[in-house]
Amino acid sequence: MAVDRFPVEYSHIMMFARSVGDPNPIYHDPEAAKATEPGAVIAPPTFVQSSAQFDPDYVLRPKIGAPWFGSGKNPTGVQPGSGGGGNGGGLHAEQHYEYHRHPQAGDVLTATVKPGKSWEKQGRRGGKLLFQETITEYRDQNGDLVVTARGIGVRTERPATAEA
């Protein structure tokens, strides 16, 4: 997921915090936020993941007029192999965020994706487990690194068999 422009807006921060049930005033009250170390309204942890909605090619972003993951009468709404995401080919196993500073209302971030490490481990039912790390760097309007996100995906060498 590469994003050229991800505006961090006050209302998006507030709605994100409410959606995850976090009432901390640093996410919605500029006066209360002034008294904190950052001194401003900041984005909650994991907020940068919402940058996916600014990527028109993000596989899980709904596309008007086309089936997407979660649409339709079938469990995913997308047939396997159609490229619509969620077709059981892998699993998002881990996510780590390293904050170099807090994203703040008014920032405009860019997201650049780089491949990370890859490794294998022997599984019990699907052959090898193939792990792939993806590193996403979020930089602000000045080019300064704000957040580094590391995601780990895993897929099996072949479909898993029932354990005997």
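Predicted model: local features only at pLDDT ≥ 70, side-chain atom pairs only at ≥ 80, totals over all residues.

**Helix α1**
- The helix covers residues 10-19, and I13, M14, F16 and A17 are buried in it.
- Looking down the axis of α1, you'd find these buried residues within an arc of 165 degrees, so they line one face of the helix.

- Five strands make up an open sheet, and their order is β1-β3-β4-β5-β2, with antiparallel pairing.
- Which strands stand at the edges? They are β1 (3-7) and β2; each has a single partner strand, so one side of each is left without a neighbour in the sheet.
- On average, neighbouring strands of this sheet are turned by 30 degrees against each other, direction ignored.
- As a bit of background, strands of a sheet pair through backbone hydrogen bonds, either parallel or antiparallel.

**Strand by strand**
- β1 pairs with β3 (residues 108-122) over three bridges, in the antiparallel sense. If you want a spot to look at, F6 stands opposite L109 in β3.
- β4 (residues 128-139) and β5 run antiparallel and are joined by 11 bridges. Here Q132 stands opposite G153 in β5.
- β4 and β5 also form a hairpin, with five residues between them. In that turn, G143 has a positive phi of about 85 degrees.
- On to β2 (residues 91-99): eight bridges join this strand to β5 (residues 145-156), and the two run antiparallel. L91 has V154 in β5 as its bridge partner.

- S19, back in helix α1, is exposed because its relative accessibility is 58%, and the cut-off for exposed is over 50%. A polar atom of the S19 side chain lies 2.7 Å from the backbone oxygen of F16.
- D55 sits in the loop between α2 (30-34) and β2. Is D55 buried or exposed? With a relative accessible area of 7%, D55 is buried, since buried means under 20%.
- A polar atom of the D55 side chain lies 2.9 Å from the backbone nitrogen of D57.

Conventions. Residues numbered from 1 in each chain as written. Heavy atoms only, no water. Buried < 20%, exposed > 50% of the residue type's maximum accessible area, 1.4 Å probe, protein only. Helix = DSSP H or I, 4+ residues; strand = E, 2+ residues; numbered from the N terminus. Arc of directions from axis to C-beta. Pairing = 2+ DSSP bridges. Polar contact = N/O pair within 3.5 Å; in protein donor to acceptor, adjacent residues only side chain to side chain. Axes fitted to C-alpha atoms, helices over the stretch in contact; angles between N-to-C directions.
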